[in-house]
Amino acid sequence: MRVEGQLVFNSAGLLLEGALKGFGLAYLTEGHVQPYISQGRLIRVLSDWCPPFSGYHLYYPSRRQPSPAFSLLVETLRYRGK
C-alpha cells in the first residue's frame with residue numbers, strides 16, 4: 001500500500017528496520033547502528049551534528065528530599081561510571 005506523507009516510527013527497532021530498507025534517515029545511538037555501518041549496510045550522515053556521548057546528566061529540582069527511586073538511580077549511574 002502506498003501512503004502519502006511522512007513515515008513515523010515509535011520504536012528504535014522499527015526505525016532501524018526502516019533505515020535498513022531504505023525508507024530514509026534514522027537518528028539512533030551508535031550502539032544500535034555500528035554493526036550495520038561496519039557491514040556497509042548503513043552510512044553515517046551529518047557526523048558534525050553527532051557529538052560523542054559524554055555521559056549521563058541529571059537534573060533534580062530539590063536536593064533536600066530526593067525520592068528513594070531517584071537516589072537509587074544516582075547510585076547506579078555512579079557505580080556504572082567507575
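How do the residues of the lining of the largest pocket divide into nonpolar, polar and charged? There are 16 nonpolar, three polar and two charged ones. (Ala, Val, Leu, Ile, Met, Phe, Trp, Tyr, Cys and Pro count as nonpolar, Asp, Glu, Lys and Arg as charged, and the others, Gly among them, as polar.)

This is a predicted model, where local features need pLDDT of at least 70 and side-chain atom pairs count only at pLDDT 80 or more, while totals for chains, interfaces and linings use all residues. Residues are numbered from 1 along each chain as its sequence is written, and side-chain values use heavy atoms, with hydrogens and water left out.

**View 1. Here is F9, in the segment before helix 1 (12–20).** Helices are DSSP runs of H or I, at least four residues, numbered from the N terminus. F9 is partly exposed, at a relative accessible area of 30%; that label sits between buried (under 20%) and exposed (over 50%), using a 1.4 Å probe and protein chains only. Leaving out residues up to four places away in sequence, F9 touches L14, L15 and G18, where contact means heavy atoms within 4.5 Å.

**View 2. Now look at the buried residues of helix 1: L16, G18 and A19.** They cover an arc of only 160 degrees around the axis, so they end up on the same side of helix 1; the arc is that of the directions from the helix axis to the C-beta atoms. These buried residues pack against helix 2 (30–39).

**View 3. Just after helix 1 comes G22.** G22 takes a positive phi of about 85 degrees.

Methods: Helix = DSSP H or I, 4+ residues; strand = E, 2+ residues; numbered from the N terminus.
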